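Trainee: Could we sit down with this protein model and go through its parts together?
Mentor: Gladly, let's bring it up.

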Amino acid sequence: MITVQEVSKSYGTRTLFDQVSVKFIPGNRYGLTGPNGAGKSTFMKILTGDIEPSNRGTISRPRKVGVLRQDQNAFDDKRILDTVMMGNPALWEALAERNKLCEAEEFTNAMMDRLGELESLIADENGYVAEIEAATILRGIGIPDEQHSDLMATLPNDYKFRVLLAQALFGGSEALLLDEPTNYMDLETIHWLEEFLLDYKGTLIVISHDRHFLNAVCTHVADIDYDTIINYPGSYDDMVEHKMSARSRVESDNKDKAKKIAQLQEFVSRFAAGQRSSQVQSRRKEMVRLAPTEMKKSNIARPYIRFEQRKPSGREVVTVTELSQGFDGRSVLTGLNLEVTRGEKVAIIGPNGAGKTTLVRCLVGDLTPDAGTVKWGTGMEWGYYPQDYRTEIPGGVTALEWLSTFDEEAQGQQFVRGLLGQMLFKGDESLKATEALSGGEAARLLMAKLMLEKNPVLIFDEPTNHLDLEAVSALAEGLSQFAGTVFVVSHDRDLISEVATRIFSFLPDGLLDFRGTYDEYLEAHPLPEVAKKSKW
């Protein structure tokens, strides 16, 4: 069990949460939710002990806690398998000490006694099957056996992150604290992780912007709002419904109370100076009793995302003919032939490294293909949201100044300010320096640029990575209502399900072009059985 007693955290004059007391029970799986900036990662770091609360509140934790670390380069000089096993520090330290003792040429009695103690500790920590368990988890997250003895430095950053997730999952921890574990994961690996966590018997607390993942995994939701943390039973969708219903009830009750108070006030005003003083006093007391319930302002805010097109495109949007592209002698795309027409919404899915971003970069001209052609319709214009979107926004200017440079219709600064307001840049936040923007703010700013440009084709490469749940829902709604053509690379199943009318799926034997929704695609091509899971 993890117990939080009267914990507060503030930065300057801003309070994230105040005097929070909450319990996280073994066997329950909690989604920690709230908009960007609400304090989710801060609260998680308080739970892990990485930062201290602002007051003298207390945290009690189990002895063994698995934590998803965010420093992807911290283990570059370690073997991949060893990095996973470091997720159980007691076992790892015992193994290291035992191996060092065994290198001695002569053994004293004290050394022999210590070896016996270490062997007992290793047995208690299931150390004799530790490598098997670590290898099983690595396979599940997509790292094959032949790479397990390689150094972490040989992996790209997205796979380093997966190994850090495996490290958190390893060793039978009594609690798991996972901050955005589905980042950098493909759909099959997310499916594996869901199945793994559904078998977990300890206390799970997870932050995720993937609504489908939270609904699949969580038994409870701990929501940061109203300067506190409220525990709701059920999935994320259950929490939203309960929260909206509770607020609607309070608003309705307040309206009823206001009507009754108005009637009572009329009586008091008429007879205050008359002979009915006892009745007046009685009604004044009733007015006090009926005082409306004070409603704190919620910090939940959803951006308003609507994409328009200045002029519709022609029917033929883009034609790809015999497209091939490789890197370092490895073929990524081979002989692709595709044709996309006006109004289609194409989701591009598949394992990491399969070629999704390569295809997008060929489409927008960032890569010159080794062979084949990409032919866009006459005068075709597109808006592009790259995976490394921060490179699109230069430093040294304010958000307002940068966005104003794309106001080709000269609608004026007030219009651009209004657009920034829609994207949750309120008041002077539009004057924030671009280099000081958070990941979520930079993502919303780039989307505001796409809204301002009004191109008939929109191309997104992993747009949800730094968006909160409300922003992801707003993006899905905006793309589904867009009258133009969309290409989107994403692992967010709710986004794909709501938007896509066509699927480009990278499979081991090539690209599958499926004409239909994502749900129809899954019916025809269900995800493969997940890898066998290690048991806790």
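What follows is a set of questions and answers on this predicted model.

Mentor: Some ground rules: residues are numbered from 1 along each chain as its sequence is written, and side-chain values use heavy atoms, leaving out hydrogens and water. In this predicted model, local features need pLDDT of at least 70 and side-chain atom pairs count only at pLDDT 80 or more, while totals for chains, interfaces and linings use all residues.

Trainee: How many helices and strands does the protein chain have?
Mentor: Helices (H or I, at least four residues) and strands (E, at least two) are DSSP runs, numbered from the N terminus. The C-alpha atoms fill a box of roughly 105 × 75 × 50 Å along the principal axes. Counted that way, the protein chain has 17 helices and 18 strands.

Trainee: What percentage of the 536 residues is buried?
Mentor: Buried means under 20% relative accessible area, exposed over 50%, and partly exposed in between, with a 1.4 Å probe and protein chains only. For the 536 residues of the protein chain, the buried part is 49%.

Trainee: What is the strand order in the open sheet that contains S1?
Mentor: Two strands pair if DSSP finds at least two bridges between them. Strand S1 (residues 2-11) has seven bridges to S2, running antiparallel, and Thr3 stands opposite Lys23 in S2. The edge strands, each pairing on one side only, are S2 (14-24) and S4 (58-60). The order is therefore S2-S1-S4.

Trainee: Which helix packs on that sheet?
Mentor: Contact means heavy atoms within 4.5 Å. Axes are lines fitted to C-alpha atoms, for helices over the stretch in contact, and angles run from 0 to 180 degrees between N-to-C directions. The helix touching S1, S2 and S4, with its direction at about 130° to that of S1, is H1 (residues 40-48).

Trainee: Are H6 and H7 roughly parallel or roughly antiparallel?
Mentor: The axes of H6 (residues 157-169) and H7 (residues 187-198) come within 13 Å and cross at roughly 10°. Angles under 35 degrees count as roughly parallel, over 145 as roughly antiparallel, 65 to 115 as roughly perpendicular and the rest as oblique. The crossing angle therefore makes H6 and H7 roughly parallel.

Trainee: Which residues in H7 meet Arg162, Leu165 and Leu169 of H6?
Mentor: Those three H6 residues have their partners in the neighbouring list from H7. The H7 residues are Thr189, Trp192, Leu193, Phe196 and Leu197.

Trainee: Which helix lies across S10, S11 and S13?
Mentor: These three strands form an open antiparallel sheet in the order S11-S10-S13. S10 (residues 316-327) and S11 pair over eight bridges, with Leu336 in S11 as the bridge partner of Leu323. Running at about 125° to S10, the helix is H11 (residues 356-364).

Trainee: How many of the five residues in S12 are buried?
Mentor: In a regular strand the side chains alternate between the two faces of the sheet. In S12 (residues 345-349), Lys345, Ala347 and Ile349 point one way and Val346 and Ile348 the other way, and all are buried. The count is five of five.
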